[in-house]
Each structure stands twice: as C-alpha cells, then as structure tokens.
Amino acid sequence: MSWHFLIWQAGTSWRHLLPPVEQETATLPTAARKRSPQRAALPAEPETATLPMAARKRSLQHAALPAEQETTPLPKAARKKSLQHAVLPAEPGINSPVDYVLPPAAYVHRKTAGDFPSYHVYSVSHKMETERKKRSMKEYFAFQWHITDDCDQRCKHCYIFSEDNCKIPESVSWDQMQEVVANCEDFCEVYHRLPYFYITGGDPILHPDFWWLLELLKSKNIPFAILGNPFHLDIKVCRRLKEYGCQKYQLSLDGMRQTHDWFRKPGSFDITLEKIDCLKQAGIRAVIMTTVSGKNIKEVPDIIDTVVEHKADVFAFARYCPTSEEKDTGISPMEYRELLGVCDKKFKEYEVAGCETFFNKKDHLWTLYEYETGEFKIPENAQEGMIYGGCNCGNCHLTILPNGDVYACRRVQNSKVSNVFEDRLADVWVCQMEQYREYDKFKKCAKCELKAWCRGCPAVASGAHSINGEPGDFYEADPQCWKEVV
C-alpha cells in the first residue's frame with residue numbers, strides 16, 4: 001500500500017479485531033516532578049491510566065478483547081448505511097484539521113518531498129526518528145487541542161469570541177491535561193495510530209502549564225505543532241520550543257498591514273512578519289495561514305508576495321466560516337474561482353523561480369479547480385463507493401476544547417460529539433462520529449463525480465446556511481462552489 005490508505009468496509013464487525021488496551025501513565029516525568037515541588041505529590045506509578053472513571057466504566061467491553069491480534073487499520077465499524085471509504089493518513093502537517101492539507105491531486109501525483117513531506121522532513125531528533133522507525137507502519141491521528149481560551153487579541157472573525165466578546169475564557173487544568181493525553185493515547189492504541197497534537201487556544205503559550213505539557217509530550221515522544229500568536233515569541237522561546245520537539249508554528253496574516261491590524265490589533269502585522277525569521281533561526285517551520293473573506297480577498301496576492309519575501313516555510317489560506325446568519329463570507333462562487341486562478345499562476349511562477357515557500361492548496365475547492373484545468377484527473381482505478389480525499393472530518397482528526405468538549409470539527413459550530421473527561425474517545429469514534437460519514441447525504445456533492453475527492457468545506461456550508469443564528473446542516477452545499485450539478 002504505497003499510500004497507506006486505511007480501508008473501512010461497510011457492514012463488518014470490528015470489535016473482535018481490537019487489541020487489549022494497555023495505557024501508559026500520563027503523569028509528568030520524574031525529572032520534571034523533581035523540579036516542581038508543588039507537583040511533588042503527583043503519583044509516579046499509578047496503577048491505572050488516567051482515563052476518566054466514567055469513560056472506563058463505559059468501556060469495559062474492551063477488557064475482554066483477545067490479547068494477540070494482527071495489526072488492523074481503523075475499526076471496521078458496523079456502518080450499515082454509509083459508504084465504504086478510505087481514511088487518509090494523518091501525517092504531521094498533512095492531514096490536520098487546521099494546518100496545511102495537501103489536495104487530493106497531490107496524493108494521486110506524488111512527486112517530491114517538497115510536494116508531499118515525508119516523516120524525515122519533520123524529524124525533530126535522532127531519538128524521535130528512531131522511535132518512529134520502531135513504530136513504523138502506523139499512521140498519525142491528529143488531535144487539535146485548545147488548551148485555553150486566553151488570548152491577547154479579540155479577532156473579529158474568531159469563533160471563540162465572535163458571538164460573545166464577554167465570554168469568560170476557559171483553560172484545562174494540569175490534571176486534566178494528563179487525562180486528555182491518556183485518553184488520546186488509548187484511542188491510538190486501539191486503532192493502531194500514533195498521536196499528533198496541534199496545540200492551540202486562544203494563545204496556548206499563555207497557559208500556566210504550557211511548558212509542563214510540552215515536557216510531558218516530549219517524554220512520550222509525541223510530536224506536536226503550535227497554532228498561536230507572535231507576541232510572546234523571541235529567539236530564546238523559539239529555541240526552547242524546538243528543544244521540546246515543536247515541529248512547526250502557525251501564525252496568521254489576514255490582510256496587508258491596515259486590514260490585518262483591523263482584524264486583530266494594531267502592530268500585529270509587523271510583529272507576525274518579524275517572528276517568521278525568529279522561528280526559522282530556531283529550526284521550527286514557520287507556517288502562515290490566511291482566512292479569506294470578502295474583506296480581504298483582493299489582498300491575498302499581495303499577502304503571498306509578502307510571505308515569500310519573508311521566506312515563510314509554508315503558506316495556505318482557507319475561507320472564513322460564518323458564525324451566524326448575519327455574517328457570510330462575502331465572496332461569490334466565481335469571485336472565489338478567480339482568486340484560485342490568480343493564486344495558482346503566482347504559485348507556479350514562484351516555484352519555477354526556486355522560492356523557499358511551499359504553497360499548500362488547502363481548500364478542497366482546489367480539487368474542482370484543478371479538475372477543470374486538467375491538472376487533476378480521476379484515477380482510472382478509482383473504486384466506486386470509496387472516499388479518497390476531501391474534508392477530513394470524521395476520518396482522521398478530532399478537536400478538544402478547554403472544557404473537554406470534543407468536536408468533529410472546531411469550525412463546525414454544532415459538531416460537538418462528546419466530552420473527553422466523560423467518554424472514551426475510542427468509543428466516540430465509532431458511535432457519535434458516525435453521523436459525519438454519511439457521504440450520500442451531501443445535498444450537492446453526492447451528485448458530483450468529484451464526491452470522493454472534494455466535497456468543498458462543510459464548515460463554511462454549515463455556517464452559511466445558519467437559521468435563526470443556529471448553524472445549518474453539515475451536508476449543505478458549499479456556497480463558493482461554482483460547479484453546476486444536475
């Protein structure tokens with residue numbers, strides 16, 4: 001399996017295939033405890049993993065599973081009415097919920113490490129690389145983890161404070177952090193995956209236990225990336241992040257100086273650009289992300305030029321997700337297609353010139369664009385009823401909020417499926433998450449030949465079709481899709 005696609009067949013029992021659950025402890029390493037008197041009372045060798053009691057009680061059926069099994073992909077759940085589909089691998093930086101995601105065309109036409117980064121590109125240390133080799137043949141599963149709402153900005157398009165600027169910020173406690181890590185490790189143990197965390201907020205570096213969390217992840221050789229603000233970064237902080245294993249740090253640019261600072265706060269534009277070099281000096285990949293709306297769509301080409309000038313490692317953009325019916329993206333379908341055309345031309349020109357920046361075509365509507373231009377072709381060996389690309393919601397990631405709420409996608413406002421402190425994630429994945437895998441329910445995409453590779457952005461569709469302030473249907477048509485489907 002050259003692409004390591006994991007197949008999930010409909011109507012097949014899976015519980016007899018699962019291995020026994022052997023959880024590691026989720027406490028802070030001994031060295032860290034010695035340096036922290038206030039945490040000296042943390043148990044060094046707990047008898048059980050730190051999964052919440054409620055979750056363990058509801059998961060006793062797993063205790064009787066056989067001790068030795070062959071390695072199996074994601075569970076072959078009892079999917080009586082949904083399509084057979086392939087789950088894309090969640091490599092670091094590839095299939096993440098918020099970071100850059102390669103378009104399906106890249107999977108079909110795999111070229112170089114620059115187009116499709118290998119594990120070696122993201123190697124942090126010899127120790128982590130050795131660990132990866134020992135655990136080879138396992139794919140990564142991405143957890144987008146909001147550890148705090150605390151933030152020194154109040155961005156106008158933020159989904160945390162956009163509807164309530166007076167919202168009291170929440171943060172996960174240190175003990176809860178350990179519970180979350182243990183629950184995620186348990187999930188990956190059950191489904192033969194390796195955990196990959198996207199630590200975010202708010203601004204995660206503002207959490208009082210931020211560095212303790214990084215030490216915990218380092219002690220377990222769990223890779224991670226940071227999605228945060230630039231304001232608390234300097235070369236010393238960046239080098240410390242690198243020492244703990246941070247592979248990349250995502251910053252935002254939502255326009256040129258005047259527009260970006262209007263979205264976020266005065267001075268943010270210049271500080272963001274300044275920190276690109278700071279991250280690169282420390283050996284951390286600097287990722288720049290733009291949220292596109294009607295307010296800044298005309299500035300995207302200039303943003304690309306600016307990012308290239310400052311030698312960011314990666315650039316990508318995604319569309320603004322409306323959070324209530326009074327708000328929309330302010331972009332017509334053909335206007336968005338025109339933007340893709342302009343950006344595609346600019347990307348290719350920079351690539352020919354040997355540009356250092358990798359341009360990731362994150363939005364799944366890039367697949368439709370490349371299908372029309374001939375750059376993407378439906379593979380001749382594509383199987384009917386198989387999902388090869390498109391939105392990863394329900395396939396290879398989950399989002400966890402500071403209060404423990406688990407979302408299928410953070411950008412889909414009504415996609416809460418569980419709470420990490422009450423339920424076992426391994427159970428949630430094959431129960432509550434099933435509602436996001438019914439591909440024939442897509443009102444427009446189900447009738448399109450690109451259903452297996454595109455499906456637009458359900459988060460944008462859900463927000464754009466909100467009713468009385470409540471998010472709309474996950475399976476609604478993408479408002480920026482320009483394709484006529486009969």
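This is a predicted model: local features need pLDDT of at least 70, side-chain atom pairs count only at pLDDT 80 or more; totals for chains, interfaces and linings use all residues.
Lys-311 is partly exposed, with a relative accessible area of 43%. This lysine sits in the loop between H10 and strand E8, which covers residues 314–319. Although Lys-311 is not a glycine, its phi is positive, at about 60°.

Is His-192 buried or exposed? The relative accessible area of His-192 is 14%, and the cut-off for buried is under 20%, so this histidine counts as buried.

Let me continue along the chain from there. Strand E4 spans residues 193–200, and the loop between E4 and H6 contains Gly-202. The peptide bond that leads from Gly-201 into Gly-202 is cis, its omega being near 15°.

I turn now to the two helices on either side of this region. Two packed helices are described by the angle between their axes and the distance between the axes. Helix H5 comprises residues 174–190 and helix H6 residues 210–219; they pack at an angle of about 30°, and their axes are 11 Å apart. Angles under 35 degrees count as roughly parallel, and H5 and H6 are therefore roughly parallel to each other. The crossing in which H5 passes H6 is right-handed. Which residues make the contact? From H5 they are Trp-174, Met-177, Gln-178 and Val-181, and from H6 they are Trp-212, Leu-213, Leu-216 and Leu-217. As a general point, an α-helix has 3.6 residues a turn, so residues three or four places apart point the same way.

The next element is helix H9, residues 268–281. H9 has 14 residues, and the distance from its first C-alpha to its last is 20 Å, close to the 20 Å expected at 1.5 Å a residue. Its buried residues are Ser-268, Phe-269, Thr-272, Leu-273, Lys-275, Ile-276, Cys-278 and Leu-279. What do these buried residues pack against? Their partners include three helices, namely H7 (235–244), H8 (257–263) and H10 (300–309). Two strands also take part, E6 (246–252) and E7 (285–292). After H9 comes Gly-283, which has a positive phi near 85°.

Toward the end of the chain, I would draw your attention to Cys-481. This cysteine lies in the segment after helix H14, which is made up of residues 458–464. Cys-481 counts as buried, at 18% relative accessibility. Leaving aside residues up to four places away in sequence, Cys-481 touches Pro-333, Leu-365, Leu-368 and Lys-444. Cys-481 and Tyr-369 are 112 residues apart in sequence, yet their C-alpha atoms are 9.9 Å apart in space.

Finally, the protein as a whole. How many helices and strands does the protein have? There are 14 helices and 12 strands. Of its 486 residues, 59% count as buried. Among contacts between residues at least 6 apart in sequence, 76% join residues at least 24 apart.

Key
Residues are numbered from 1 along each chain as its sequence is written. Side-chain values use heavy atoms; hydrogens and water are left out. Helices (H or I, at least four residues) and strands (E, at least two) are DSSP runs, numbered from the N terminus. The expected span of a helix is 1.5 Å times one less than its number of residues. Buried means under 20% relative accessible area, exposed over 50%, partly exposed in between (1.4 Å probe, protein chains only). Contact means heavy atoms within 4.5 Å. Axes are lines fitted to C-alpha atoms, for helices over the stretch in contact, and angles run from 0 to 180 degrees between N-to-C directions. Angles under 35 degrees count as roughly parallel, over 145 as roughly antiparallel, 65 to 115 as roughly perpendicular and the rest as oblique. A crossing is left-handed if the near helix is turned anticlockwise from the far one by less than a right angle, and right-handed if clockwise.
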